[in-house]
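Work through the exercises below with the sequence and the 3D structure open. Try each task before reading its solution.

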Amino acid sequence: MKDCCLSEEDAERRRISKEIEKQIRRDKEQSERELKLLLLGTGESGKSTFIKQMRIIHGQGYNDNEKKGFTQIVFQNVITAIQVLIDAMTMLQIDYIDDQNIRLAEKLSQIESTQVVTLESWQADAIKRVWSDHGVQTCYDRRREFQLSDSAKYFLSDMERISSSSYVPTIQDIVRVRVSTTGIIEYLFNFEKSNVIFRMIDVGGQRSERKKWIHCFENITTLIFLTAISEYDQTLYESKDINRLSESLALFKTIISSTWFQESSTILFLNKIDLLEEKIMQSHLTTYFPDYNGPQQDADAAKKFIFKMFKEQYKGRDMPLYMHYTCATDTENIKVVFKSVKDTILRENLDHLAPTAACSETSKMGQSDNTIR
C-alpha cells in the first residue's frame with residue numbers, strides 16, 4: 001500500500017514504526033562496537049579519579065562552567081580536611097604550638113562542612129594559621145592513625161590561591177577533589193579512529209555500596225580492579241580493625257572467583273605509587289605485613305611484594321591478568337597506561353567487535369609487557 005493511500009492515523013503509525021526500526025539498527029550497530037568495562041575496588045582506591053582522567057584525555061574535558069561547578073566541593077573538602085586534623089589533635093593529644101590557634105580551631109570546628117558554599121575571609125585566614133601550626137604538622141605526619149583525604153595537603157598548602165575571590169578550580173583541583181561515588185554511574189568514551197566505544201562503569205567502593213554491584217555484572221568485557229597500595233598501613237573508614245590493603249586483597253579474590261567474570265580478562269591497577277614512595281620512607285611494610293622480608297625504605301621492593309600478594313589470589317584462573325603501576329592524579333601516567341590498556345582490551349575482543357572496528361585495530365596493536373598468566 002502506498003503512503004499516499006494511508007489514513008493520517010496509519011501514516012503516523014508507519015512513521016513511528018520506521019523510527020523504532022532505525023533506533024533498533026542504531027542500537028545494534030553501537031552494541032557491536034561497544035566494550036563494557038567495569039571498575040571495581042575498595043573506597044578511596046582511585047576509581048573516580050581514573051574516570052576524570054579518561055574524560056580529560058579521551059572525553060570532552062571540563063569547560064569553564066563545569067570547572068566553576070567544582071568550587072563549592074573544593075571548599076567543602078578544605079573545611080572537612082582541617083576539621084579532621086583538628087579532631088585528630090585532640091584524639092592524639094597533640095598540643096598547638098601557638099595557643100591562639102586553639103581558639104581558631106574551635107571556631108573552624110563549628111562550621112557545617114556540607115553547608116559551605118563559599119570561604120569567608122576569616123575562615124581562609126584561620127585555616128592557613130591552623131595548618132601552619134607545627135603541632136598540626138606533627139599530627140599530619142601521623143595521618144595513618146586517622147581518616148584523612150589523600151588530597152588534604154594539596155589543598156591546605158595552597159589556600160592563598162583557593163581563597164582568592166577570582167578562584168576557579170584547575171584541572172588538577174578537579175582531579176584531586178574528593179566526591180564519594182554512590183550508586184552506579186556509566187560513562188561512554190567513543191574512540192572514533194578505532195570505531196570502538198568503551199562503556200565504563202564506576203560504582204561506589206565503600207562496603208555499604210557493594211550490594212549494588214550485582215546489577216552491573218552482566219556482559220562485562222574487562223574487569224579493571226584498582227587498589228591503593230599506599231594504604232598498606234591504614235584501616236577502613238567502616239572498621240578501624242581492618243587493614244585497607246588486606247580488605248582490597250580479600251575483595252579482589254572474591255570478585256575474580258565470581259562466576260560472572262570467568263570469561264573476562266582482568267586488569268589490575270596498583271594505584272597511588274607516588275604516595276607509597278613517600279610513605280615507605282617512614283612507615284615500614286613489614287610492620288603490617290610480616291611476610292615481607294625485603295629491604296626497608298625500598299619502594300620498588302614494596303611494590304613487587306604487594307603485586308605478588310595479588311598474583312597469589314589470581315592463581316587457577318584461565319584468563320590473563322594484566323598489571324600496571326599507576327598514579328591516578330598524574331594525567332601523563334594515565335595517558336601512557338591507558339594506551340596499553342586499550343590495546344590489550346581490543347586485542348582480547350577482536351571477535352566481539354564489528355568487522356570495521358576489528359580491522360581498524362588489528363594492524364595497530366603490539367604485545368603488552370604486563371601480562372601474567
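**Exercise 1: two helix pairs**

Helix H5 (residues 100-109) packs against helix H6 (residues 121-132) at an angle of about 130 degrees, and their axes lie 10 Å apart. The model is predicted, so local features need pLDDT of at least 70 and side-chain atom pairs pLDDT 80 or more, while totals for chains, interfaces and linings use all residues. Residues are numbered from 1 along each chain as its sequence is written, and side-chain values use heavy atoms, leaving out hydrogens and water.

Task: classify the angle between H5 and H6, then list the residues in contact.

Step 1. Angles under 35 degrees count as roughly parallel, over 145 as roughly antiparallel, 65 to 115 as roughly perpendicular and the rest as oblique. The angle of about 130 degrees therefore makes H5 oblique to H6.

Step 2. Contact means heavy atoms within 4.5 Å. On the H5 side the residues are Asn101, Leu104, Ala105, Lys107 and Leu108; on the H6 side they are Trp122, Gln123, Ala126, Ile127, Arg129 and Val130.

Step 3. Sorted by class, these residues are 7 nonpolar, 2 polar and 2 charged. Here Ala, Val, Leu, Ile, Met, Phe, Trp, Tyr, Cys and Pro count as nonpolar, Asp, Glu, Lys and Arg as charged, and the others, Gly among them, as polar.

Step 1. H6 contributes Val130, Trp131 and Ser132, and H7 contributes His134, Val136, Gln137 and Tyr140.

Step 2. The classes in the contact of H6 with H7 are 4 nonpolar, 3 polar and no charged residues.

**Exercise 2: threonine 326**

Task: locate threonine 326 and decide whether it is buried or exposed.

Step 1. Threonine 326 sits in the loop between strand S6 (321-325) and helix H14 (331-348).

Step 2. Buried means under 20% relative accessible area, exposed over 50%, and partly exposed in between (1.4 Å probe, protein chains only). Threonine 326 has a relative accessible area of 1%, so it is buried.

Step 3. Leaving aside residues up to four places away in sequence, threonine 326 touches Phe269, Leu270, Asn271, Lys272, Ile273, Asn333, Ile334 and Val337.

**Exercise 3: the whole protein**

Task: how many helices and strands are there, and what share of residues is buried?

Step 1. The protein has 15 helices and 7 strands. Helices (H or I, at least four residues) and strands (E, at least two) are DSSP runs, numbered from the N terminus.

Step 2. Of the 373 residues in the protein, 50% are buried.

Definitions and conventions: Axes are lines fitted to C-alpha atoms, for helices over the stretch in contact, and angles run from 0 to 180 degrees between N-to-C directions.
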